[in-house]
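This report describes selected packing features of one protein model. The sequence and structure are shown first, and the text then turns to individual contacts.

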Amino acid sequence: SWCMWSEEVTEVSPLIMSDNKEDLEEDTPDLFVCLDECYIYSQTGDNYGNPKDDADIIYDTVPDEVIQVQVEPSTQEYVRKGTYIRCLLPREGWIFLPDPTVQHDWGELDELYFIAKQTQKREQAMKEKESGVGGGGNSMVDTDEEIELKRNSDEDDVDDNNMVGSKDETLLLEDRRDYSRQRMMMQTVPPDLEQEINKLLQFELLKKLAFFFRTNPCLPGFIVLCIQGFIETLILFDVWSDANLTFRLWEQGAYIYFMISASFVAAPYIIAWSALSQFNARKLRQNKDKPAWIAVSLLFNIAPFGILLLFIMDLYHWLECVFVKPLYYVFTCGKQIRTISYAELGYYKLRRVSEIFAESLPQAIVQMLILIKLQNSTAGELDINIWAVLMALGSSAFVLV
């Protein structure tokens, strides 16, 4: 804040400014740093830093904020009105600064004022006693105990007034607005306010692209939905191509390759089904009064039906990502159709990991062996469409990437 210098800055004041007023006149610094909090007023207030109206406060600084004041070039003096000097930055106005070269301790001044006031009361009481005006009654002179009691009572009255005033929401900030304790210090070296611009944003094409996305804020979300739909389509196509190759192996009588390929196709769903058994049991306990939930939960515990339910769930997830979510996003101008639950999100993450390590990677190895066998087999030994093998191998490679 703008300030009265307090005892807290006494130790560092020799490093901040010179005590010689002639040095100050030769090169008057125009930069100050707020130590706590200070205010910029639209017009000057009283001699103690109090504004005439709260509306006169046009800026409330933060600690360590740099303030630039106006210095007259010809005289090297601050543009001043009484105890206020003209401020240029961060806002134009007036700041409270009685004397930047003088340190003030208002606590000691208040104590001196209090003692002088009591001394004056004693002298007046003695004069009245000598003249007989007091009538031999109670003396107006306060003892040390009475002085301490009055001081405590005055502090209690101030606290009570603050409590009453705090009921008004417009006075909530008065506790921290102790205008008479505003403090600041001089700074002789201007701060470095230059900021580096990212080199990537210096390219004209990237600037236009960034401006385009800022003017169309819904477009990035739509692009993300399209990418998600493409990924889900690629994963479902990988499952279909592997299942198609497995069926062709069955038709050709290559039962060993059929068993291996079929087990790898079902492996991710078997892993997910076994991991969801505990979750299914918890859902069954939570919905034990609902017959539909009981039927679905019991059916899920049977392996073929549970795996089939997971496949149907994946199929619905693909339809939602490819059609429902993008269309809803477009027609509602950027709204999401629903928020995915943590249980569903956990299932999809487990499903993706198990698909990579239990389906795509082993299937790619098996399909590579089948492709090599097709190249070296004689007529009629293994008659499978090579494009089906290449399609399944390519989809597995894309999922791995």
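Contact here means heavy atoms within 4.5 Å. The model is predicted, so that local features need pLDDT of at least 70 and side-chain atom pairs count only at pLDDT 80 or more, whereas totals for chains, interfaces and linings use all residues. Residues are numbered from 1 along each chain as its sequence is written, and side-chain values use heavy atoms, with hydrogens and water left out.

Buried denotes under 20% relative accessible area, exposed over 50%, and partly exposed in between, with a 1.4 Å probe and protein chains only. Helices (H or I, at least four residues) and strands (E, at least two) are DSSP runs, numbered from the N terminus.

| Residue | Loop between | Relative accessible area | Contacts |
|---|---|---|---|
| Thr 44 | strand 2 (39-41) and strand 3 (57-60) | 18% | Lys 52, Lys 81, Tyr 84 and Trp 94 |
| Asn 287 | helix 8 (277-286) and helix 9 (291-300) | 11% | Trp 293 and Ile 294 |

A polar atom of the Asn 287 side chain also lies 2.8 Å from the backbone oxygen of Lys 283.

**Nonpolar cores**

A nonpolar core is a set of buried Ala, Val, Leu, Ile, Met, Phe, Trp, Tyr and Cys residues joined through side-chain atoms within 4.5 Å. The largest has 13 residues, and Leu 245, Leu 249, Ile 370, Leu 374, Leu 382, Ile 384 and Val 389 have the most contacts inside it. Two or more residues each come from helix 6 (218-251), helix 11 (342-376) and helix 12 (386-400). Helix 11 gives the most, with five residues. Another core, of twelve residues, lies apart from this one and includes Cys 34, Ile 67, Ile 95 and Leu 97.

Beyond four places in sequence, Leu 249 touches Ala 254, Tyr 257, Phe 258, Ser 261, Ile 370 and Ile 384.

**Packing of helix 7 with helix 10**

Axes are lines fitted to C-alpha atoms, for helices over the stretch in contact, and angles run from 0 to 180 degrees between N-to-C directions. The axes of helix 7 (residues 255-275) and helix 10 (residues 303-331) come within 9 Å and cross at roughly 105°. These two helices are therefore roughly perpendicular to each other, a term for angles of 65 to 115 degrees. Helix 7 contributes Tyr 269, Ile 270, Ala 272 and Trp 273 to the contact, while helix 10 contributes Ala 303, Gly 306, Ile 307, Leu 310, Phe 311 and Asp 314.

Notes:
Angles under 35 degrees count as roughly parallel, over 145 as roughly antiparallel, 65 to 115 as roughly perpendicular and the rest as oblique. A polar contact is a pair of N or O atoms within 3.5 Å; within protein, one must be able to donate a hydrogen and the other to accept it, and residues adjacent in sequence count only if both atoms are side-chain atoms.
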